[in-house]
Amino acid sequence: MFRDSAIVAYRNLLTILRVPTLLVTATIQPLMFVFLFAYIFGASLGGSQYREFLLAGIFTQTVAFNAAFTTVGLAGDLQKGIIDRMRTLPMSRLAVLMGRTLSDLVVNVLSVAVMVGCGYVVGWRINGGIADAALAFGVILLFAFAMSWVGALTGLLSPNVEVAQSAGLIWLFPLSFISSAFISAETLPGPLRTIAEWNPITAVSAAGRKLFDNSAPPSFAPATGWAADHCVEYAVGCSLAILVIAVPLALLRYRKVASH
């Protein structure tokens, strides 16, 4: 299974190398968000201190949005008949999905690396220790891997690539903006604040800020509650819970699709 997964992942990465425009969404879009929020909205939200607050949220939002990369890629393989070809081979069924999510994890590593460089340009810094920073990136990439499995499930449920493109993003926009990725969740009204406080994107963003030692602007109300006080543990728990739910569902759906 591990060998087969590595071969499928290598095949997916070769596709990206031969069609580099596939990386546009994974690299250019995050840069647009960084400069948009850092300089257009950032001046009124706290200036340089807001830019430090912002980057962990941008990291988290980007790896969540990259789940759409998995969705479209898998839907495309289904539509082109590549999944049917793989089904005829003596290989692990899990390898098709594992290879896709692993190759997209590599894309997420590249996206985060690009954003780290961009963050240093706009004034963001890692103020904590190296071990804490490594843990922060580990939490973010674990969340990226979990979201890739959600993307895989969405792609398998989509009848074609066009539907997959919409389905892969339509639920991510409200999920990312009803959070503390860009603002303090304490400013949101009643029910939205509760959703934001327990939103996994809020937890991963907060964990990144805590481990990078990036403080919020003075005008931002500090987050309160169990999820905020235990943001690192809650972020890891959310990612593992997503994997526990999404992996079996994706495998069941793949078996149904591949048996047709």
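A salt bridge, defined as a side-chain nitrogen of Lys or Arg within 4 Å of a carboxyl oxygen of Asp or Glu, joins the side chains of Asp-77 and Arg-11 at 3.0 Å, N to O. The model is a predicted one, in which local features need pLDDT of at least 70 and side-chain atom pairs count only at pLDDT 80 or more, while totals for chains, interfaces and linings use all residues. Residues are numbered from 1 along each chain as its sequence is written, and side-chain values use heavy atoms, with hydrogens and water left out.

**Salt bridges**

- The count of salt bridges comes to four.
- Asp-77 belongs to helix H4 (residues 67–80) and Arg-11 to helix H1 (residues 2–18), so that the pair, 66 residues apart, links distant parts of the chain; helices (H or I, at least four residues) are DSSP runs, numbered from the N terminus.
- Asp-77 is buried, with a relative accessible area of 7%, whereas Arg-11 is partly exposed at 25%; buried means under 20% relative accessible area, exposed over 50% and partly exposed in between, with a 1.4 Å probe and protein chains only.
- Asp-77 also forms a salt bridge with the side chain of Arg-100, at 3.2 Å, N to O.
- This second pair again links distant parts of the chain, with Arg-100 in helix H6 (residues 93–122) and Asp-77 in helix H4, 23 residues apart.
- Both Arg-100 and Asp-77 are buried.
- The side chains of Arg-100 and Asp-104 meet in a further salt bridge, at 3.9 Å, N to O.
- Asp-104 and Arg-100 are separated by about one helical turn, because they stand four residues apart in helix H6.
- Asp-104 is buried, as is Arg-100.
- Through shared partners, salt bridges join Arg-11, Asp-77, Arg-100 and Asp-104 into one network.

**Packing of H3 and H11**

- Two packed helices are described by the angle between their axes and the distance between the axes.
- Helix H3 (residues 47–65) packs against helix H11 (residues 200–212) at an angle of about 135°, and their axes are 8 Å apart; axes are lines fitted to C-alpha atoms, for helices over the stretch in contact, and angles run from 0 to 180 degrees between N-to-C directions.
- H3 and H11 are therefore oblique to each other, given that angles under 35 degrees count as roughly parallel, over 145 as roughly antiparallel, 65 to 115 as roughly perpendicular and the rest as oblique.
- On the H3 side, the residues in contact (heavy atoms within 4.5 Å) are Phe-53, Ala-56, Gly-57, Phe-59, Thr-60 and Ala-64.
- On the H11 side, they meet Ile-201, Val-204, Ser-205, Gly-208, Arg-209 and Phe-212.

- Ser-239 lies in helix H13 (residues 231–258) and is buried, with a relative accessible area of 1%.
- Ser-239 touches Leu-142, Phe-143 and Ala-146, leaving aside residues up to four places away in sequence.
- Gly-155 lies in helix H7 (residues 130–157) and is buried, with a relative accessible area of 0%.
- Gly-155 touches Thr-71, Ala-75 and Leu-78, again not counting residues up to four places away in sequence.
- Gly-155 and Gly-99 are 56 residues apart in sequence, and their C-alpha atoms are 14 Å apart in space.

Conventions: Helices (H or I, at least four residues) and strands (E, at least two) are DSSP runs, numbered from the N terminus.
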